[in-house]
Each structure stands twice: as structure tokens, then as C-alpha cells.
Amino acid sequence: MEVPETHYARRRGLHIGYQVWGDGPVDILDLGSGTYISIDETADQPRWLRYTERLMACGRVIRFDASGTGLSDTPADLGELSFEAWVDDAIAVMDEVGSSRAVVLAVSGSSALIFATKYPERTESLVMVNATARLMEADDYPIGVPYDLMEEFRAGLDPDNAGQVSDDLTDLRIFAPSAADDPDFQRWWARASRRGAAPATSAVLGAQIAQADYRHLLPQVAAPTLVLHRQDALAPSVDHGRYIADRIRGARFVALPGDDVLPFTGDIDALADEIQEFVTGERYQPGPDRVLATILFTDIVDSTAHAARMGDRRWTQVLADHDGLVRRQLARFGGRFVKDTGDGLLATFDSPARAIRCALALRDGAGHLGIQMRAGLHAGEIERRGEDVGGIAVHVAARVAATAAAGEVLVSNTVVDLVEGAGIAFADHGAHTLKGVPDPRRLWGVTGA
């Protein structure tokens, strides 16, 4: 998926960074994921990309970093940071991209409620995900988070008091428990969280979140509203979502399975299905071009070093010979060429056994050309998108290929099961955690066919 460029809108002398994903007929104004993580981090997080892809099926997704966070300017006076200011940021971005009216999508209930009541003429509808109109407990709001628990949590995020909070109370285990044990997600989260907002800014924003109370705006919301909340979310709990839905006239409430607060972790599809049906009137259905296939990725190892060693003329000839090799072997084994991937290719096959034999032939042929190739295969359902293909199975195959060593053909356990009895030998490489893939996958090296 092509990652859009970041542009800037101006709001009272501040630069507000924004991105526009897709070009659908409906504008979806994404007011944020409930964290300070920048929109610039989306491309490095496969779960966030998958969520974005699902939203793009509904319309044009408009995202921005609110003032004080990410790529946007921070006002000289931190006292100017507020949810009201963030709504002004959103309006500046909408004006910049020519959006007069949008579906307002938010994890932050405060910003969404202010926007919908202050700008009803620009609010097509409202989608609130794991949101709250007030986070903290009060005498008339017993479902809120206790103040002592919040203070303990905030102390753990203070860089001067790191380590005071137990592992059960880390921000990752609250916001994205399904991804908390994924090493790749942990690394991304640690980096992205630190870059989202400076400590002083984060302290100001944290205090505002703790003080926010916009319950009085709920009866004023006139736009059609969908409230989604994961059933076992720790903070805010599902009771916050029910509270909102009960007080917005005509709002629809859906409790979803899971405990993730972040919309792009946990069961993304279940959440996105509800959003798509609400926005478009049609629930997602796999298209008629969704088929079972074996996916092959190949990659020339150390291509830059080979090019430097051989020189431009010789390297150009090697690449031409490589392309000829690919055409011949795909025709021989019944593969469908999908696209070049830079120094390799993506192809699909109806037969996993033929896919493996084609990968071996390509690897051996590359050796005769003086280059080394690695390959990865996985089998699953794919979606045909014109000449291209997509779906989680394609993503898994790419990660399998990235794990392969030079000269190796590596396959997933799914492929091994499918070719049982086909006379292909494998060596067990054990379970691997693949970047962006929730569960570890058992991988096997092909040793003979």
C-alpha cells in the first residue's frame, strides 16, 4: 500500500502535519488512536496499515498530528494545548484538503464530542471507538478510572520515575494487550511512543485528559452515531461506551470481543466490519476474486554488492538473464507472475508442489548466473486486485521470504501440510515470530524435491 506524503496546514501560526489515504467518495476524519503516536509511524506498523486499508475501503481517510504531538508544531505556551485546539487543528486540515463534511472517527471521546457539537454542519456522522466522555471517577460517575490508579500509571510514564509501575500496569498492556508480547510490536511501540510528544507536553496533555468531562455534550450530538467498545477493555471499560450510547439520541452501541483499546490491534476486521457497514451501508464481503493460492516471493541476495562488483554493463545483462529465467520457470511450473519487487518477484500458483519446484529451479538457475537467491512460500486465500494481489497470506509469504537465508527456499507449515506425499523433503527450522504477524509460524527449509 502506497504511503502518502505528509503535508502541512496552518492554524494560528502553527504547522499541523497531515496525510490523506485513498480517494474514496466519503471523507473520514480520523481524530487519532487515543495515543500521541505520530501518523508518520503508520508505515512501520503492519497492524496499523491493515486497519488503514480497511478504512480506505469506506472512503478517503484524513489523518493529522494534533498540535503538540508528532510532526506538528507545539505552541510556545503549553497552556494553549487543549481538546478545543485540536478540533481547530482538524478544521484547518479539512479546509486544506477541501473537505466540507466528514465522518468523524475517534478514540478520543472529548475531541469527537466537541467537533460534532461545535461543527454539526461538517459532521456527516460520528464513530466512537473505545471512547469516553469522562475518564476519571466521580461521585456521579462511579465507572470512571480511580484517581490513585491513574496517578500510579502516570508515575510509571514519567522518565524521572521509570520502573515504579508493575508489568501489569504498563501502557502497552492497557492499550494493546494482544500485542504486548510481540517483540516487533514492543520495539515499535517503545520508539513511536517516545517520539510522539515531549515529556513536558505529555504531562500537560495527561492532566487535561484526567480533568476532561464532556458528558454535558452527549445530548447535543445530532449526527448519526456508532459507538464501538471492546468488551474486556481495561481503561476505559465497556461501561464508558454504553454510557455514551445511552445519552446520544439514536446512537447504536456494539460491544466487540477483545480487550484492546487501540483500534489497530486485536480483531481489526470485526471492528472495521462495523465501521464499513455504518459508513457505506454494506457489510464487508470477500470479493469473488478471493481464491486459494500458494504465494512465492524471491529476492536476489546482496544485489547492490553484485552490481558494484560486476559493473553496470555486466549487471544489466545478468538482470536480463534473470528475467528470462523467471519467465521460463513460471511457464514451466504454471506460475502467474504478479509483479517485480525490486530485486525479486511475487508470483502465485494453484499447486504448492509446483510452486516449491519452481522456487528450487529459480534458485539453482540464479546460481548459474553468479548470483544467490532466497525464496519464501506460504499458502492461503488471496484477494485479486486487478493485476495485483493482497491479503494476510501475501504478507505472511513476504515475511517468510525475508527470514530465508541466501540460497534457501523456506516455506510455512501450511505449505508442508499441503504437499504431504508429494516427495518433497524438508528440514524443520522451528517456530518464528514474523514481523507484523500475530502468532509464531513454524517454518521449514526445502532440502529436496
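**Aromatics and cores**

A: Let's start with Phe83, which is buried at a relative accessible area of 8%. Keep in mind that this is a predicted model.

Q: Is Trp86 buried or exposed?
A: Trp86 counts as buried, with 12% relative accessibility.

Q: How far apart are Phe83 and Trp86 in helix α2?
A: They are 3 residues apart in α2, so about one helical turn separates them.

Q: And what about Trp188 and Phe264, what kind of aromatic pair do they form?
A: An edge-to-face one, at 6.1 Å centre to centre with 85° between the planes. The pair links distant parts of the chain, 76 residues apart: Trp188 is in helix α6, while Phe264 is in the loop between β8 and α9. Both Trp188 and Phe264 are buried.

Q: Switching topic: which residues touch the most other members in the largest nonpolar core?
A: Leu29, Phe64, Leu113 and Phe115 do, in a core of 47 residues. Helix α2 gives the most to this core, with 9 residues.

Q: What does Leu29 touch?
A: Leaving out residues up to four places away in sequence, its contacts include Ile62, Phe64, Ala90, Met94 and Phe115.

Q: Last one: where does Arg247 lie?
A: Over the face of Tyr243, 3.6 Å from the ring centre.

Methods:
Residues numbered from 1 in each chain as written. Predicted model: local features only at pLDDT ≥ 70, side-chain atom pairs only at ≥ 80, totals over all residues. Heavy atoms only, no water. Core = buried A, V, L, I, M, F, W, Y, C linked by side-chain atoms within 4.5 Å. Buried < 20%, exposed > 50% of the residue type's maximum accessible area, 1.4 Å probe, protein only. Helix = DSSP H or I, 4+ residues; strand = E, 2+ residues; numbered from the N terminus. Contact = heavy atoms within 4.5 Å. Phe/Tyr/Trp six-rings, centres within 6.5 Å; stacked < 30°, edge-to-face > 60°. Lys NZ or Arg CZ within 6 Å of the ring centre and 35° of its normal.
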